[in-house]
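Here is a colleague's note to read beside the model. Please keep the sequence and the 3D view open while you go through the points.

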Amino acid sequence: MDGRSEISRGCLMHFETAPLKIVRAEKQYMTDNYGIRYLDCVSNVAHVGHCHPQVVTAGKSQMATLVSSQGFISDSLMKYTKQLVSNFPDTLSVCYLVNSGSEANDLALRLARAYTNQKDVVVFDDAYHGNLGNLIDISPRMFKHMAQGKKEFVHVIPYPDMYRGRYREDDLHAAEKYVLEAEQILQQALKNNRKLACFISESVVVNCGVIVPPKNYFKLLYNVIREAGGVCIADEVQTALGRTGEYFLSFEHYEVVPDIVTLGKPLGNGHPMAAVITTREIADSLGEYYSTFGGNPVACVIGLAVLDVIQNEKLIQSATSVGKTLFENLQLLKLKHHNVGDVRGLGLCIGLEIVEDKSSRKPATELTQTIVMRLKEEHHILVQALGPNRNVITLTPPMCFTQLNARCLFQALDSVLTACAGDQTMSMNPSGGIGLQQTRPLISVEDITHLEDEDIGEPDAKRPRISYDDVD
Ligand code: PMP
């Protein structure tokens, strides 16, 4: 018995076979009940760092002053919505505050359907958009494994996977070809008298294994969707607030402006809050909306503190530079290890695709699990595996992740990959012998870690303005 008998077996846990009991956390570290401190590369929710004192202080103080439901005006509500929306293109000017990514996507679907007066939805294969019935219907990752299967109003298009998809990294016209495929699927649906309400997707497609579409992909696809009468929804639940570096929102890398944007996970730094931002015209088509807890004063002051910390601690700039160093070093791991098929991502949103070997590109699902477990057990680093084959090690640490953390992660990955390659060789060639030679590093960690000492911990030096000791 692991003390979980009252919790549904269907509720997913990190490290299912040996779940962690985390008792406290700060910045990018989590501590378990044995006092072991882990480097957290999983919690994209603890965006500005676990239990950030400014966020905690704001929430505590508001809890002691006023907790009300939606339906009252408050200064924090006005200030928060104004500040949040100021990070969006001008046309996206109306904000709804809700409580989870699922609730945000459900509202986005309602808005799209109300505005277009149509029902059909285009989604990426393997996409996941939330846990409400409405969203299971449009999440191939879920409905593919369910008796209900795909509903007639859902149209599934391939996502532009430049490593494993039909058109790959060496194809200069991959974007056009993927969009053409999508267009053909859509044309067929329209021929069958289906009418389009919307297309919904992540812009960096984390749930499909951190897919980074080619630069011109969304421009072309959004045109096709709009010509067919649909609106475009960007699901930024995982990727907003600078996660992908450079910009506040990940669709900005693609120079497009969606019609509806949904936000979730990082908004409250762990406090459950989410949002939908859209145009005045689309919002006006829906009419009444009410969410009991959406936009309550506690959520608003927490949300404001998160935005404030992102700006004051220059977390988007930090994610851009730390992410760049990490990405470049991981590319070198790819050169060194035959099990690393691909490294991709933007900012602090990076995926390593683990394969049996580079030429077959066969997903190494079991090996990926071993790597995830060894990083946890031997190096106290928490990562997770995503993607349809569960073979993409996904790195989405809190945004205060430093250059030093990046170096630790990189060295741990190098060591685990080397050890796993050794295990594989041993199992193919149990008597040792020449096979073992292949596990010798081609280049050493020292060769491929080109960080300057002054880079290390640089973002930490800027934080925090309030110390952790100030929070009792
Ligand atoms: N959209 C995306 C892209 C997600 O990754 C998730 C959650 N993993 C959701 C929506 C649903 O968010 P929540 O779990 O907060 O309801």
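The points below take up helix packing and then the ligand.

1. This is a predicted model, in which local features need pLDDT of at least 70 and side-chain atom pairs count only at pLDDT 80 or more, while totals for chains, interfaces and linings use all residues. Residues are numbered from 1 along each chain as its sequence is written, and side-chain values use heavy atoms, with hydrogens and water left out.

2. Two packed helices are described by the angle between their axes and the distance between the axes. Here axes are lines fitted to C-alpha atoms, for helices over the stretch in contact, and angles run from 0 to 180 degrees between N-to-C directions; helices themselves are DSSP runs (H or I, at least four residues), numbered from the N terminus.

3. Helix H1 (residues 53-63) and helix H9 (residues 297-312) have axes that come within 8 Å and cross at roughly 160 degrees. H1 and H9 are therefore roughly antiparallel to each other (the term covers angles over 145 degrees). The contact, meaning heavy atoms within 4.5 Å, includes Val55 and Ala58 of H1 and Val301 and Ile302 of H9. By class, the contact of H1 with H9 has 10 nonpolar, three polar and one charged residues, where Ala, Val, Leu, Ile, Met, Phe, Trp, Tyr, Cys and Pro count as nonpolar, Asp, Glu, Lys and Arg as charged, and the others, Gly among them, as polar.

4. Helix H6 (residues 174-191) and helix H7 (residues 217-227) cross at roughly 20 degrees, and their axes come within 9 Å. H6 and H7 are therefore roughly parallel to each other, a label for angles under 35 degrees. Among the residues making this contact are Tyr178 and Leu186 of H6 and Leu220 and Val224 of H7, and the contact divides into 10 nonpolar, no polar and two charged residues.

5. H9 also packs with helix H2 (residues 75-85), at an angle of about 40 degrees and with the axes 9 Å apart. In H2, Leu77 and Tyr80 are among the residues that meet H9, where Cys300 and Leu304 are included.

6. Around the ligand there are 13 residues, of which Gly101, Ser102, Asn207, Asp235 and Gln238 come nearest; a residue is near a molecule if one of its heavy atoms lies within 4 Å of it. An N or O atom in the side chain of Asn207 is 3.0 Å from an oxygen atom of the ligand, and a polar side-chain atom of Gln238 lies 2.9 Å from an oxygen atom of the ligand. For Lys265, a polar side-chain atom lies 3.1 Å from a nitrogen atom of the ligand.

Key
Helix = DSSP H or I, 4+ residues; strand = E, 2+ residues; numbered from the N terminus. Parallel < 35°, antiparallel > 145°, perpendicular 65-115°, else oblique. Polar contact = N/O pair within 3.5 Å; in protein donor to acceptor, adjacent residues only side chain to side chain.
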